[in-house]
Amino acid sequence: KPVILTCAQPTGVLTIGNYLGAVKNWATMLDDYDCYFGVVDQHAITVKYTPAELRKNTLSCVAQYIACGLDPERSNIFIQSHVTGHTELAWVLSCITPIGDLQRMTQFKEKAAKLGFKVAEGDGADLKFSHEGARAQASVNSGLLMYPVLMAADILLYNADAVPVGNDQRQHLELCRDLAQRFNHNYSETFTIPEPFIPASGARIMSLQDPDRKMSKSDENQNATLYILDDPKVLQKKIMSAVTDSGSEIKAADDKPGVSNLLQIYAASSGREIADIEASLAGEGYGTLKKEVADAVIAMLEPVQARYKELIADKAYLEGVLKAGAGVAQKRAYKILSKVYRKAGFVERP
Ligand code: TYM
């Protein structure tokens with residue numbers, strides 16, 4: 001079976017963007033692929049965090065994965081830091097990664113900007129930071145810059161054939177493919193070049209409050225983001241207060257980002273086509289649209305939330321899943337890392 005690998009950061013509760021753009025689709029691949037699902041705790045420490053919270057969120061993320069349909073009997077669920085090899089391979093890859101490629105990454109620029117940096121527009125290695133002060137400068141650590149290299153290592157360590165992700169990870173995956181090709185070219189054929197799997201619907205769920213930006217776990221405006229464990233009442237309230245557009249027509253269009261996003265959420269949550277929803281709501285107002293979206297989202301998440309409650313109370317079960325997942329992952333990772341070390345010219349451990 002072809003191998004897929006994909007991961008999410010344990011930075012809090014998954015959003016409906018993570019669910020519709022990613023995890024829900026992963027759950028449909030269990031029978032056709034050999035699946036590796038990682039919870040990337042090592043990525044999560046590239047930004048400010050609290051250790052106790054990371055520990056709690058990591059286990060919660062595992063329970064959320066399973067509650068969303070990732071069956072551990074038919075896939076390998078593991079925590080990144082449980083498998084030796086991710087950071088080791090990242091080191092080797094970093095030595096064939098130009099700094100300029102990393103400074104060009106959209107996600108790096110966005111995260112750096114949030115920390116007070118203005119990243120000057122420019123191309124490549126001479127890109128300059130104009131920063132607000134020494135404190136802002138100190139908060140952009142080199143791990144944040146290296147983030148995509150560690151992500152490439154996550155993927156290449158398993159020689160994954162494909163990586164199912166939302167649209168926001170497209171650029172990181174492109175870098176991963178470049179690195180795989182460069183390594184193969186420099187050291188001889190080693191890595192499979194992974195294909196991105198990006199879903200047709202749900203790949204880009206936008207903020208409810210600013211539909212020009214993607215829905216994100218870390219949005220300061222709590223009304224902007226729907227979390228999969230939000231209480232139904234909270235989901236309803238957030239959806240009813242979503243920003244819409246001028247005019248009153250319920251139609252997906254470029255000049256109607258708010259309505260388009262609601263339609264996209266509705267379609268992905270209900271399995272209906274956008275055109276079908278538009279037709280059935282012709283002549284109705286935005287209030288009706290929002291109410292139907294809320295009903296669809298709540299109905300979709302109800303079984304997920306019920307299952308999560310059971311799982312998070314059963315720590316022994318979760319630990320069993322993680323032990324098995326890390327065991328299988330480590331075996332595969334070790335084989336590939338050994339091969340890489342040999343090609344890199346490292347002396348084999350006697
Ligand atoms: P993360 O944790 O931000 O998101 C997990 C998955 O959810 C998708 N996603 C979205 N899809 C649609 N609309 C949105 N608004 C939205 N927000 C997030 C993401 O595309 C992703 O598929 N760098 C990765 C984690 C990672 C990884 C990897 C992924 C580390 N190593 C190896 C794949 C393979 C990330 O931050 O995802």
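Trainee: Which side chains does the polar contact of 2.9 Å join?
Mentor: A polar contact is a pair of N or O atoms within 3.5 Å; within protein, one must be able to donate a hydrogen and the other to accept it, and residues adjacent in sequence count only if both atoms are side-chain atoms. Here the side chains of D154 and Q80 are joined by such a contact, at 2.9 Å. Keep in mind that this is a predicted model, where local features need pLDDT of at least 70 and side-chain atom pairs count only at pLDDT 80 or more, while totals for chains, interfaces and linings use all residues. Residues are numbered from 1 along each chain as its sequence is written, and side-chain values use heavy atoms, with hydrogens and water left out.

Trainee: Is D154 buried or exposed?
Mentor: Buried means under 20% relative accessible area, exposed over 50%, and partly exposed in between (1.4 Å probe, protein chains only). D154 has a relative accessible area of 2%, so this residue is buried. Its place is in helix α8, residues 142-156; helices (H or I, at least four residues) and strands (E, at least two) are DSSP runs, numbered from the N terminus.

Trainee: Which residues does D154 touch?
Mentor: Contact means heavy atoms within 4.5 Å. Leaving out residues up to four places away in sequence, D154 touches L5, C7, V40, H43, Q80 and H86. The unreviewed UniProt entry also covers D154 with the annotation "binding site"; UniProt positions are given in the numbering used here, feature names are shortened, and annotations may be inferred rather than shown by experiment.

Trainee: How many salt bridges does the structure hold?
Mentor: Side chains of opposite charge can pair when their charged atoms come close. The rule for a salt bridge asks for a side-chain nitrogen of Lys or Arg within 4 Å of a carboxyl oxygen of Asp or Glu. The structure holds twelve. One of them pairs D31 with R74, with the closest N and O atoms 2.9 Å apart. D31 lies in the loop between α1 (16-26) and β2 (34-39) and R74 in the loop between α3 (51-67) and β3 (76-79), so the pair ties together parts that are 43 residues apart in sequence. R74 is partly exposed, at 39% relative accessibility, and a network of salt bridges links D31, D71 and R74.

Trainee: Where do R177 and E195 lie?
Mentor: R177 and E195 form a salt bridge with their closest N and O atoms 3.6 Å apart. R177 lies in helix α9 (residues 170-187) and E195 in strand β7 (residues 195-197), so this pair ties together parts that are 18 residues apart in sequence. R177 counts as buried at 18%, whereas E195 is partly exposed at 42%.

Trainee: What is the area buried between domain 1 and domain 2?
Mentor: Domain bounds come from an automatic or database domain assignment; here they give domain 1 (3-202 + 315-344) and domain 2 (222-309). Buried area is the accessible area (1.4 Å probe) that two parts lose on being put together, summed over both. For this pair of domains the value is about 1,300 Å², and carbon and sulfur atoms give 75% of it. The count of salt bridges between domain 1 and domain 2 is zero, but four residue pairs are in polar contact across the interface. On the side of domain 1 that touches domain 2, α3 gives the largest share, five residues.
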